[in-house]
Amino acid sequence: MNDNAARRNFLYGLGASLGSVALSSLLQAEDNSTQSNSKSSPLAPKPPVLPAKAKNVIMLFMEGGPGHMDTFDPKPELTRLHKTESKLAAGQETGFKFFVGSPFGFRKVGNNGIEMCDQWKHLADPYVADELCNYRGCQAESLNHPEALFHMNTGSRLGGDPAVGSWVNYGLGTENQNLPGYVVMTELALPQGGPGNWSNGFLPPYYQGTRLRSEGSPILDLTPQSFKSREHQRRALDELARLNHLHLNSLGSDDQRLQARMENYELAFRMQTEVPNVVDLQQESQATLSLYGLDEPETEVFGRQCLMARRLVENGVRFVQIFSGGWDSHDYLERGHTSRIKSVDKPVAALIRDLKQRGMLEDTLVIWTGEFGRTPDNNKRGGVYSLGRGHNNQAMTMLLAGGGVKPGVVGATDELGSSAVECVHPIRDLHVTLLNLLGLDDNKLTYLHAGRYKQLSQFGGEVIKELIA
């Protein structure tokens, strides 16, 4: 009982379980005890400092970098130049380079000027497409996947900084104290950079993302062992609380760190009750399961995660992020993007449709993005025309919907898609805009670390007003 590190080491050793969630709460409570005399939960809801248009965020991250000229930004001139020599300097490739026209056709959908390649079937429905904003003016910095992922997810290319979801929960708290405020879902393989993409960084550990496993129980230890009933657990917690109170009284002071440890066991107990109900998709109608594509092998995984995201947001989770890999098409562009688009098209359209029908889209910001865009050219390899694209940090495309975003097309790239040329903004401005939609001011949402106040944008940015309705 007197060993301050004993419980911490025990909880840390539990790995990806309720114990690790408990450890985060324990460490955060210790941090709060040194910075504030408040006994309220660090994730208690906080009022926005600005008029807010959105309350929640669902970020759909297409890891690898979708080709903007192959998804939502058509380039007829590039098609005309297909397989002719390119002298462009952008990208990482060397040697003989040639232009690569998109293997897909394009058409306008809906009433807001949105253009999509012909592989998008469900997202092209006007009921969904009319909610979309296609932003074409964002520019990244790094051409390296891990650095670019870190940059888009944390505001820093170096890694180790808090993720966007951590900053949002730090600024606003969450609406359900029985669930994590920031949830991440991935495929079996983690994105490059791993958990650094949803780290709490220098923020207190309570704000880190909680990853739900892609197979089996989303969080280990959600279900008690068969020989333990809820009543048994309740009695055990009550006895543990009694012993802790005896220890607290022996200290002769109001030890908030010990109190936080005691409260943390209660959090894990509540999660065992609430999380299974939230992740139980069998409560949904068959029509809803089919809407998200859970009855089709190509869309089942991402569809399940999108439906889970809607249920999490519906139950008060502030920030949900889903990663979809396989978008890094240096070769076999047509085959790769056809497969990837098919895997996410129906689920993404279903998510927007479902949120809209439930009246949730107006205050839920949905973002579809990768870490950077692609080059309009590629390099010959062994004398063979490799029909793919390199990395491009000067042009990319993303979709936004709901949460106070203005539908339509914003920004533009040049006629080949090599660089953004209209409404050009760096990633930090996108982050500042996201916070603004949630009622947060990037210049005021700061945390004292290593002797200075730090913020998501690193050193400030501006709101992209063209994106806001």
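In which loop is the place of Gly-417? Gly-417 lies in the loop between strand E16 (412-413) and strand E17 (420-422); strands (E, at least two residues) and helices (H or I, at least four) are DSSP runs numbered from the N terminus.

The model is predicted: local features need pLDDT of at least 70, side-chain atom pairs count only at pLDDT 80 or more, and totals for chains, interfaces and linings use all residues. Residues are numbered from 1 along each chain as its sequence is written, and side-chain values use heavy atoms, with hydrogens and water left out.

Lys-75 is placed in the loop between strand E1 (56-62) and helix H3 (76-80). Buried denotes under 20% relative accessible area, exposed over 50%, and partly exposed in between (1.4 Å probe, protein chains only).

| Residue | Relative accessibility | Class |
|---|---|---|
| Lys-75 | 10% | buried |
| Gly-417 | 0% | buried |

Contact means heavy atoms within 4.5 Å. Beyond four places in sequence, Lys-75 touches Met-69, Thr-413, Asp-414, Glu-415, Leu-416 and Gly-417. With the same exclusion, the contacts of Gly-417 include His-68, Met-69, Lys-75 and Arg-374. The C-alpha atoms of Gly-417 and Pro-74 are 8.4 Å apart, although 343 residues separate the two in sequence.

Turning to strand E5 (residues 132-135), Leu-132 and Asn-134 on one side and Cys-133 and Tyr-135 on the other are all buried. Strands pair if DSSP finds at least two bridges between them. E5 runs antiparallel to E14 (residues 398-401), with four bridges, and Leu-132 has Ala-401 as its bridge partner there. With E15 (residues 408-410), E5 pairs in the parallel sense over three bridges; Asn-134 stands opposite Val-409.
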